[in-house]
Amino acid sequence: MPVIELNGLTKTYGGARGITDLSFTVEEGEIFGFIGPNGAGKSTTIRTMLGLIYPTGGSAKIFGKDCLQHGTEIKKEIGYLPSEVFYYDNMKVKDLLQYSASFYKKDSRKRMRELAERMELDLNKRIDDLSLGNKKKVGIVQGLLHEPRLIILDEPTSGLDPLMQQRFFELLEEENRKGATILFSSHILSEVQRLCSRVAIIKEGRLIALEKMSELKGSTYKKFKLAAKSDVDASAFGIPGVMEWKSEGGEVSFLFKGDINEILRRIAGLELENLWVEEPDLEEIFMHYYESREGAGA
Ligand SMILES: Nc1ncnc2c1ncn2[C@@H]1O[C@H](COP(=O)(O)OP(=O)(O)OP(=O)(O)O)[C@@H](O)[C@H]1O
């Protein structure tokens with residue numbers, strides 16, 4: 001039985017698009033990426049699943065139960081980290097977390113201390129005095145406190161420094177090994193790539209792809225930028241897989257998908273001042289991913 005099951009889920013805000021006819025499932029034990037640019041509809045999907053907003057159409061089930069009819073029951077087994085964490089009063093971190101823990105049957109005090117230590121969060125500080133990143137850590141501890149069966153993370157890394165991101169990812173991987181299913185929503189492809197085995201791509205409220213991460217990686221382009229000592233002859237790079245060729249004197253950039261040795265042989269023929277090989281940004285990947293599928297008749 002899938003842990004998450006969306007069936008034609010639709011939400012409009014007045015006349016405006018939120019999400020349209022979204023269907024996918026997340027299986028037990030998966031770390032599932034949910035990726036799309038800002039405004040694509042990720043938060044809307046998550047909030048609808050959690051019963052925080054009502055769908056206009058379709059349905060969402062978690063643990064086989066309808067999210068609207070069984071919301072309260074389902075939420076006890078979910079750890080949710082919202083994209084923005086707001087705490088309004090001047091409580092101490094410890095008091096807030098103990099209050100959160102009181103909603104669950106298990107005694108979570110030991111776990112609270114362990115998680116706080118792992119994330120280097122000072123339990124005795126007042127929440128008002130915390131930086132954005134430290135507030136995010138409060139949300140992380142709060143979300144993982146009760147050892148939920150399903151962890152839903154909406155843009156969880158914003159505000160965390162690279163070391164804390166790393167710790168957080170390790171924590172998530174541990175929870176996953178213990179059996180938790182994870183839905184990881186983000187607009188940052190690299191972090192989704194690092195953690196997730198499968199991914200749903202959403203754009204303008206619609207699902208545009210549902211792929212194993214390995215397949216998505218295989219279909220993506222690398223972005224090459226190079227600075228040569230003299231003008232670069234474009235015809236030398238006229239091979240299949242080269243796209244978006246831009247050049248100005250010796251400064252060249254292009255996208256490439258294919259046998260990396262082919263392109264390196266051509267680059268080796270140049271006298272270079274510098275070379276960068278980068279991941280294309282998400283928009284570029286979407287665009288070319290789309291094109292390559294259409295090209296393949298998909
Ligand atoms: N309360 C609301 N009222 C009206 N429109 C909304 C509301 N919330 C979201 N939208 C619209 O729904 C669409 C999807 O927004 P959503 O916040 O779900 O996207 P997202 O993928 O989570 O993006 P982001 O990463 O920027 O949060 C956007 O066009 C947004 O403007």
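**From hairpin to sheet and ligand**

Visitor: In the hairpin of strand 4 and strand 5, which residue takes a positive phi?
Guide: This is a predicted model, in which local features need pLDDT of at least 70, side-chain atom pairs count only at pLDDT 80 or more, and totals for chains, interfaces and linings use all residues. Residues are numbered from 1 along each chain as its sequence is written. Strands (E, at least two residues) and helices (H or I, at least four) are DSSP runs numbered from the N terminus. The hairpin has two residues between its strands, and the one with a positive phi, near 50°, is Phe63.

Visitor: Which residue is the bridge partner of Glu5 in strand 4?
Guide: Two strands pair if DSSP finds at least two bridges between them. Strand 4 (residues 57–62) pairs with strand 5 (residues 65–66) in the antiparallel sense over two bridges, with Ile62 set against Lys65. Strand 4 also pairs in the antiparallel sense, over five bridges, with strand 1 (residues 4–13). There, the partner of Glu5 is Lys61.

Visitor: Why is strand 3 largely enclosed by the rest of the structure?
Guide: A residue is buried if 20 or more other C-beta atoms, placed from the backbone, lie within 10 Å of its own, exposed if 12 or fewer, and partly exposed in between. In a regular strand the side chains alternate between the two faces of the sheet. In strand 3, one side carries the buried Ile31, Gly33 and Ile35, and the other the buried Phe32 and Phe34. Strand 3 (residues 31–35) is therefore largely enclosed, its buried residues numbering five of the five.

Visitor: Which strands stand at the edges of the open sheet of six strands?
Guide: The order is 6-7-8-3-9-10, with mixed pairing. Strand 3 is joined to strand 8 (residues 181–186) by five parallel bridges, and to strand 9 (residues 198–203) by four, also parallel. At each edge a strand has a single partner, so one of its sides is left without a neighbour in the sheet; these are strand 6 (78–81) and strand 10 (206–212).

Visitor: How many residues form the largest nonpolar core?
Guide: A nonpolar core is a set of buried Ala, Val, Leu, Ile, Met, Phe, Trp, Tyr and Cys residues joined through C-beta atoms within 7 Å. Those touching the most other members of the largest core include Phe32, Ile182 and Phe184. Apart from this core lies another of nine residues, among them Tyr221 and Phe254. The number of residues in the largest core is 53.

Visitor: Which elements give two or more residues to the shell around the ligand?
Guide: The ligand is surrounded by 15 residues, where a residue is near a molecule if its C-beta atom, placed from the backbone, lies within 6 Å of it. The closest are Tyr13, Asn38, Lys42, Ser43 and Thr44. The elements asked for are strand 2 (16–26) and helix 1 (42–49).

Visitor: What share of the residues in the protein is buried?
Guide: The secondary structure comes to ten helices and 14 strands. Along the principal axes, the C-alpha atoms fill a box of roughly 70 × 45 × 35 Å. Of the 298 residues, the buried share is 32%.
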